[in-house]
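Please keep the sequence and the 3D view open while reading.

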Amino acid sequence: MNDYQQFIANIKRKTGIDLSLYKEAQMKRRLTSLYEKRELKNFQQFFAAMEKDEGLFHEFLDRITINVSEFYRNAKRWEVLERKILPKLLAQNRRLKIWSAACSTGEEPYTLAMILSKFVPLADISILATDIDENAIARAQIGLYTERSLQEIPEEMKKKFFTKEGMYYKIDEKIKKAVKFKKHNLLADPFGRFFDLIVCRNVLIYFTEEAKQKLYHQFNEALRPGGILFVGSTEQIFNPVLYGFEIEDTFFYRKK
Ligand SMILES: C[S@@+](CC[C@H](N)C(=O)[O-])C[C@H]1O[C@@H](n2cnc3c(N)ncnc32)[C@H](O)[C@@H]1O
């Protein structure tokens, strides 16, 4: 076993996170720059240092999770969701079962709730939002955001659902109530069933080809027939039919 493989095994034992399912070159680069900053020489020394230093362990977790997110990320796609996808899904079922997988600090599930509230009363909306990173979830539950993450949000939504508190924008309590957050590792934990819509964006890019393919099958199984998978704008599925999907629109796939 080489230095990195031994590290992978140690991390799996310590955290349950399997780094072998993340793209190796990218992950190694990110982690090497972190340990070199601490003047450590290899992954073995890095792991030993993390065992003694809780702060370094949290830096490591931050480095592997990459929580960058924003409201209405790739706004044109959310327009397609609003104009085409949701009306179709709602015509079949008024109470949609929705999952925002790898939701980071909440911008994505909250965007979903805001858009859905144009169609159905907020009290009738319940969105499951999950991430592997407990810190990100804790921040999502606080619901305070900087100007930067609100750049793409339509002005009327900003006015309706946020109040300014000093440097921050606080999200409306009714939006918050529509989202249930839970810790979940996409690469290890079981998936729910019968979802109408699964949103999983900007995380698949970090995974190996094999891990992605397994996830496409699992997402397909987790959807009801006719349900939709919404992926990130660099995450096109090349052969959707292989996984039981048809193309509904760019970056939207329908379970057959
Ligand atoms: C770049 S953010 C994407 C956030 C949001 N979906 C978006 O598109 O703006 C990636 C998120 O994936 C999460 N993540 C990484 N590996 C994961 C895993 N195995 N299971 C669940 N979430 C994971 C990270 O914690 C991070 O919050």
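Which residue follows helix 1, and is its phi positive or negative? In this predicted model, the residue that follows helix 1 is Gly 16, and its phi is positive, near 85 degrees.

**Helix 1**

Helix 1 covers residues 3-15, and its 13 residues should span 18 Å at 1.5 Å a residue; the C-alpha atoms at its ends are 18 Å apart, which agrees with that expectation. At the start of the helix, a side-chain oxygen of Asn 2 comes to within 3.1 Å of the backbone nitrogen of Tyr 4. Tyr 4 is also one of the buried residues of helix 1, together with Phe 7, Ile 8, Asn 10 and Ile 11. An α-helix has 3.6 residues a turn, so residues three or four places apart point the same way. The cover over the buried residues of helix 1 includes helix 2 (24-37), helix 3 (43-52) and helix 4 (54-65).

**The chain as a whole**

The secondary structure of the chain amounts to 10 helices and 10 strands. Its radius of gyration is 19 Å, close to the 18 Å that the globule rule gives for 256 residues, so the chain is as compact as a globular protein of that length. The C-alpha trace spans about 55 × 50 × 25 Å along its principal axes. Of the 256 residues, 52% are buried, and of the contacts with a separation of 6 or more, 71% are made by residues 24 or more positions apart. The chain exposes about 12,800 Å², of which carbon and sulfur atoms supply 51%.

Glu 39, in the loop between helix 2 and helix 3, has a positive phi near 60 degrees. Tyr 72, in the loop between helix 4 and helix 5 (75-92), has a positive phi near 50 degrees. Are these residues buried or exposed? Glu 39 is exposed, because its relative accessible area of 67% is over the 50% cut-off, whereas Tyr 72 counts as buried, because its relative accessibility of 5% is under 20%.

Leaving aside neighbours within four places in sequence, Ile 237 is in contact with Tyr 216, Leu 229, Tyr 243 and Tyr 253. Its C-alpha atom is separated by 32 Å from that of Leu 122, which is 115 residues away along the chain.

**The ligand site**

The ligand is surrounded by 21 residues, the closest of which are Tyr 22, Ser 69, Arg 73, Asp 131 and Asn 202.

| Residue | Protein atom | Ligand atom | Distance |
|---|---|---|---|
| Ser 69 | polar side-chain atom | oxygen | 2.6 Å |
| Asn 202 | polar side-chain atom | oxygen | 2.7 Å |
| Arg 201 | polar backbone atom | nitrogen | 2.9 Å |

On its own the ligand has 600 Å² of accessible area, and the protein covers 99% of it.

Methods
Residues are numbered from 1 along each chain as its sequence is written. This is a predicted model: local features need pLDDT of at least 70, side-chain atom pairs count only at pLDDT 80 or more; totals for chains, interfaces and linings use all residues. Side-chain values use heavy atoms; hydrogens and water are left out. Helices (H or I, at least four residues) and strands (E, at least two) are DSSP runs, numbered from the N terminus. The expected span of a helix is 1.5 Å times one less than its number of residues. Buried means under 20% relative accessible area, exposed over 50%, partly exposed in between (1.4 Å probe, protein chains only). Contact means heavy atoms within 4.5 Å. A polar contact is a pair of N or O atoms within 3.5 Å; within protein, one must be able to donate a hydrogen and the other to accept it, and residues adjacent in sequence count only if both atoms are side-chain atoms. The radius of gyration is taken over C-alpha atoms; the globule rule is 2.2 Å times the number of residues to the power 0.38. Accessible areas come from the Shrake-Rupley method with a 1.4 Å probe; for residues, only the protein chains shown count as cover. A residue is near a molecule or strand if one of its heavy atoms lies within 4 Å of it.
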